[in-house]
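Hi,

Here is the structure I promised to pass on.

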Amino acid sequence: MGCARWLALGGLLALAGLLQARLLTPHQAGFGECDRFFYAETPPAGLETEAHVRICQRFAGSERFATLYSPGHRIPVFSAFRAARPAPLNAEQRGLLEPQIDDPDSSLEEVIEEADAVTSVNNLGSKQALNADYLDSDYEIGQLYPFFLSSDLKMSTFPLTNSVPMTQSFRERWHMNLDSLMDRALIPHCGDGKDLYIITGAVPSDYRVKGRVTIPEFVWLAACCDNPGGGWAMGFTKHTQASNIIEDIMVRDLEKLLPQKPQLFRDNCGEMEQDTEKMKKILEVVNQVQDEERSLQSQESTSPLASARSQRSALPSPEAPEGGGSFLGKVLGFLLTPFIKLFQLIYYLVMTVLRNVLHLLWFVAKQVINGIESCLYRLGSATASYLVTIGQELVGIPWKVLKVVAKVIRALLRILCCLLKTVCRALSIPLRVLVDVATFPVYTVGAIPVVCRDIAVGLGGILSLLFGTAFGTMGGLFQVVFSIFKRVGYKVTFDSSGEFYNPNTA
């Protein structure tokens with residue numbers, strides 16, 4: 001296997017000249033031209049130390065991604081890039097070296113093959129990992145920015161400054177997780193990935209490959225979508241233990257897990273304008289990816305071939321005779337082999353059932369916990385809203401009481417002001433007017449008899465006038481009547497008895 005790897009690495013010699021990596025000096029800010037790979041062109045705050053090296057990874061004359069490298073651990077702290085459409089999975093894992101990390105005075109400004117660096121770079125391997133560190137070990141080169149996420153020239157992701165030690169199974173699952181998440185969850189919910197910023201990193205453990213290259217405790221990914229009014233941010237972690245599943249996590253919680261508690265995105269990726277509906281849809285896809293990974297692990301654990309291989313490595317073969325092998329040993333081996341196989345099969349079945357039961361219990365427990373958490377969250381929100389409303393009312397009571405008291409005092413002052421005005425006006429009335437008002441009842445009572453007398457005189461005069469008018473009217477009428485009779489020739493006389501006498505009729 002070692003020779004095959006060296007032959008494969010030799011095939012990159014012709015293409016290595018296209019790769020460039022610009023190391024930023026301490027007096028330079030940020031990552032130079034590679035600042036465009038960070039949200040708001042602002043690298044994470046709090047992760048970088050004086051021992052770290054900032055690299056603007058270039059390929060074919062253009063910037064491809066940015067890397068913060070830790071020479072002490074010989075692994076990158078993180079690599080940052082813009083999401084791109086996945087490239088075909090047709091490239092073999094490679095590893096190229098950055099000369100200026102080990103030899104700052106080197107005139108080589110491009111990554112090169114390790115075979116060429118042996119004769120041209122001083123102190124080779126003193127601060128960075130080598131391909132030889134991975135040979136004849138249980139670990140492979142695992143890229144933080146995987147080549148299959150590069151949409152143009154996948155060679156740009158092959159420098160060892162972008163790689164950490166990973167077992168074959170872990171690397172395959174991690175890259176499978178990234179491929180699924182990018183293709184099904186992150187890119188579709190961020191405008192086809194044109195505004196998606198990705199940072200992938202590794203947290204070092206206390207273990208090293210061959211005492212040189214630090215093995216990560218876990219790897220992580222933080223994504224920031226910069227869609228105006230529809231952005232979001234989300235994180236993921238995956239521990240290097242074989243049985244761990246990729247876990248989703250909020251970016252704020254991810255920052256608490258990292259050394260120095262950094263801020264990965266400026267303003268937390270526009271936290272106040274994030275689209276929670278898109279985040280819910282992304283989490284639904286993440287749950288599907290997690291379930292698929294659990295199912296794949298369950299299938300691998302129940303595979304008789306894989307289990308048999310692991311069991312053979314731990315148990316001696318009954319067919320291996322001792323001392324050159326006798327006929328009795330062969331017979332015993334032939335007879336015992338079915339029983340051993342049966343025991344192995346029973347053991348595999350029992351372990352599979354137990355594992356599936358544990359997975360089921362874990363899934364049920366997770367659903368119950370999620371339900372309880374949701375109920376508690378809603379209860380807490382309702383309680384908080386109720387308490388806030390009550391608090392607002394309680395705080396408003398003293399203010400309302402003060403307003404009522406102020407109105408009462410203002411009304412009393414108005415009444416007092418009116419009384420004072422009345423007193424002032426009463427004091428300003430002349431004394432003669434007050435005397436006239438006081439004597440008005442006396443004069444009124446004394447004038448009553450005089451008024452009554454005048455009324456009686458007036459009534460007598462009216463009656464006398466009425467009688468005189470009546471008699472005068474009657475006398476006038478008699479005069480008129482007599483005048484009329486006299487004119488027509490009638491002579492009216494009265495006898496002594498008072499009866500009317502007409503002489504013409506006698």
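Predicted model: local features only at pLDDT ≥ 70, side-chain atom pairs only at ≥ 80, totals over all residues.

Residues are numbered from 1 along each chain as its sequence is written, and side-chain values use heavy atoms, with hydrogens and water left out.

Ser-70 sits in strand E3 (helices, H or I, of at least four residues and strands, E, of at least two are DSSP runs, numbered from the N terminus). Ser-70 counts as buried because its relative accessibility is 8% (buried is under 20% relative accessible area, exposed over 50%, partly exposed in between, with a 1.4 Å probe and protein chains only). Leaving aside neighbours within four places in sequence, Ser-70 is in contact with His-52, Ile-75, Pro-76 and Val-77 (contact means heavy atoms within 4.5 Å).

The bridge partner of Ser-70 in E4 is Ile-75. E3 and E4 run antiparallel, joined by five bridges (two strands pair if DSSP finds at least two bridges between them). They form a hairpin with four residues between them, and Arg-74 in the turn has a positive phi of about 60°.

Pro-71 is in the loop between E3 (62-70) and E4 (75-82). Pro-71 is buried too, with a relative accessible area of 12%. Not counting residues up to four places away in sequence, Pro-71 touches Ala-51, His-52, Val-53 and Lys-127. Ile-101 is 30 residues from Pro-71 in sequence, yet their C-alpha atoms are 7.7 Å apart.

On its other pairing, E4 meets strand E7 (residues 196-209) in the antiparallel sense over five bridges, and there Ser-79 has Thr-200 in E7 as its bridge partner. E4 is mostly covered, with seven of its eight residues buried.

**Thr-240**

Next stop is the loop between E9 and E10, where you'll find Thr-240. Thr-240 is partly exposed, at 26% relative accessible area. Its side chain reaches two backbone oxygens: that of Pro-216 at 3.3 Å and that of Glu-217 at 3.2 Å. Beyond four places in sequence, Thr-240 is in contact with Phe-170, Pro-216, Glu-217 and Phe-218.

**The largest pocket**

The largest pocket holds about 1200 Å³ of space (a pocket is an open set of points on a 1 Å grid over the protein atoms alone, with protein on both sides within 12 Å along at least five of seven lines; lining residues have an atom within 4 Å of a point). Among the 28 lining residues, Asp-248, Met-250, Lys-280, Leu-283 and Glu-373 are the closest to the centre. Elements giving two or more residues to the lining are E9 (232-239), E10 (247-249), helix H5 (251-257), helix H7 (276-301) and helix H9 (327-427). By class, the lining has ten nonpolar, eight polar and ten charged residues (Asp, Glu, Lys and Arg count as charged; Ala, Val, Leu, Ile, Met, Phe, Trp, Tyr, Cys and Pro as nonpolar; the others, Gly among them, as polar).

Over to you!

Technical notes
1 Å grid on protein atoms, 1.4 Å probe; cavity = no way out; pocket = protein on both sides within 12 Å on 5 of 7 lines; lining within 4 Å. Points joined across faces, edges and corners; volume = space filled by probe spheres on them. Polar contact = N/O pair within 3.5 Å; in protein donor to acceptor, adjacent residues only side chain to side chain.
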